[in-house]
Amino acid sequence: MILRAAIAAVVVLGVLVAGGGARPAWAQPQADDGARAQAKKLAESAQVHFDLGEYDAAVADFKEAYRLFPTPGLLYNLGQAYRLKGDCANAATMYRNYLRLDTSTPHRAVVEKHLAEMEECAKHQPPPAEPAPEAAPPPVVAPKPAPASPAPGTTRRPPDRRGGRGLRLAGLAAVGVGAAATAAGVYFGLEAADAADKVTAFYEHGNGRWEQIAAEDERGRQAEILSGAFLATGGAAIAAGAVLYYLGWRSGSEHPVVTVVPGAGSAQVAARWSF
């Protein structure tokens with residue numbers, strides 16, 4: 001009993017925190033057990049295609065599942081598949097219909113954000129060509145439905161690394177500046193060494209006066225100071241550039257991921273956050 005209660009608490013908490021959703025406010029359609037079971041299988045097949053990035057196949061299975069068991073959550077899944085496929089117009093239609101049918105959804109803000117992005121995207125791209133119709137799946141013998149609702153599926157999205165492009169470019173620029181400064185430091189170091197050699201040779205011969213070598217000594221001192229400054233600056237710039245590039249590589253967008261599958265008499269929504 002304790003284990004069963006703990007599992008139920010985790011499921012409820014995950015739905016509330018991550019924005020998974022609850023039963024839609026509109027009345028669920030009456031469907032026989034066979035249609036419901038077949039819709040569930042189609043939704044699971046669409047899930048696999050979605051995970052593999054096969055968005056055309058995912059769209060086809062989600063559509064067929066919705067025809068058999070029309071729950072608003074499947075419209076959201078269709079919107080996600082169309083969005084990742086790059087079909088902005090159809091994605092906007094699915095999000096809009098989802099909000100129209102599930103007026104009490106607690107995830108309205110997330111869906112409206114996707115809808116606004118897709119509507120803006122659709123203004124700048126022609127409508128995509130519809131894929132060739134696929135053959136209808138073979139009839140499925142419906143198993144006897146279990147008394148408990150099935151566990152919701154999870155749709156995964158890879159992290160969006162494009163958000164750190166600016167940091168990566170800044171890191172590369174800093175590394176370039178650091179490399180140039182380091183090269184300048186090496187150059188002035190060689191100049192300082194050359195001046196030191198000339199002063200040493202002057203003293204070894206013991207001829208002449210200090211005024212004759214004073215300018216060379218001053219040149220060596222100035223070159224030594226510049227070499228140290230450029231080398232320190234170059235090292236710091238290279239280190240900072242490496243840190244910026246790493247942060248840009250690590251940065252990504254945070255996305256709530258929601259999947260709806262038909263259950264026995266209701267629609268369930270599972271969600272998690274991906275980074």
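The side chains of Lys 40 and Glu 44 form a salt bridge, with N and O 2.3 Å apart; the term denotes a side-chain nitrogen of Lys or Arg within 4 Å of a carboxyl oxygen of Asp or Glu. The two residues are 4 apart in helix H2, so about one helical turn separates them. Lys 40 is partly exposed at 25% relative accessibility, and Glu 44 is partly exposed at 38%. Here, buried means under 20% relative accessible area, exposed means over 50%, and partly exposed lies in between (1.4 Å probe, protein chains only).

## Basis of the model

This is a predicted model, in which local features need pLDDT of at least 70 and side-chain atom pairs count only at pLDDT 80 or more, while totals for chains, interfaces and linings use all residues. Residues are numbered from 1 along each chain as its sequence is written, and side-chain values use heavy atoms, leaving out hydrogens and water.

## Overall architecture

The chain contains 8 helices and 2 strands, arranged along the sequence as α-α-α-α-α-α-α-α-β-β. Helices (H or I, at least four residues) and strands (E, at least two) are DSSP runs, numbered from the N terminus. Of the 275 residues in the chain, 32% are buried.

## The largest nonpolar core

The largest nonpolar core has 26 residues, and Phe 62, Leu 78 and Tyr 82 are among those with the most contacts inside it. Such a core is a set of buried Ala, Val, Leu, Ile, Met, Phe, Trp, Tyr and Cys residues joined through side-chain atoms within 4.5 Å. Helices H2 (33-51), H3 (55-68), H4 (72-85), H5 (88-101) and H6 (108-122) each give two or more residues to this core. H5 gives the most, with 7 residues.

Beyond its neighbours within four places in sequence, Phe 62 is in contact with residues including Ala 43, Phe 50, Leu 74 and Leu 78; contact means heavy atoms within 4.5 Å.

## Further salt bridges

The whole structure holds 11 salt bridges. In one of them, Arg 108 pairs with Glu 112, the closest N and O atoms being 3.5 Å apart. These residues are 4 apart in helix H6, so about one helical turn lies between them.

Glu 191 also forms a salt bridge with Arg 219, at 2.7 Å between the closest N and O atoms. Because Glu 191 lies in helix H7 (residues 165-205) and Arg 219 in helix H8 (residues 211-250), the pair ties together parts that are 28 residues apart in sequence. Glu 191, Asp 194 and Arg 219 are linked in a network of salt bridges.
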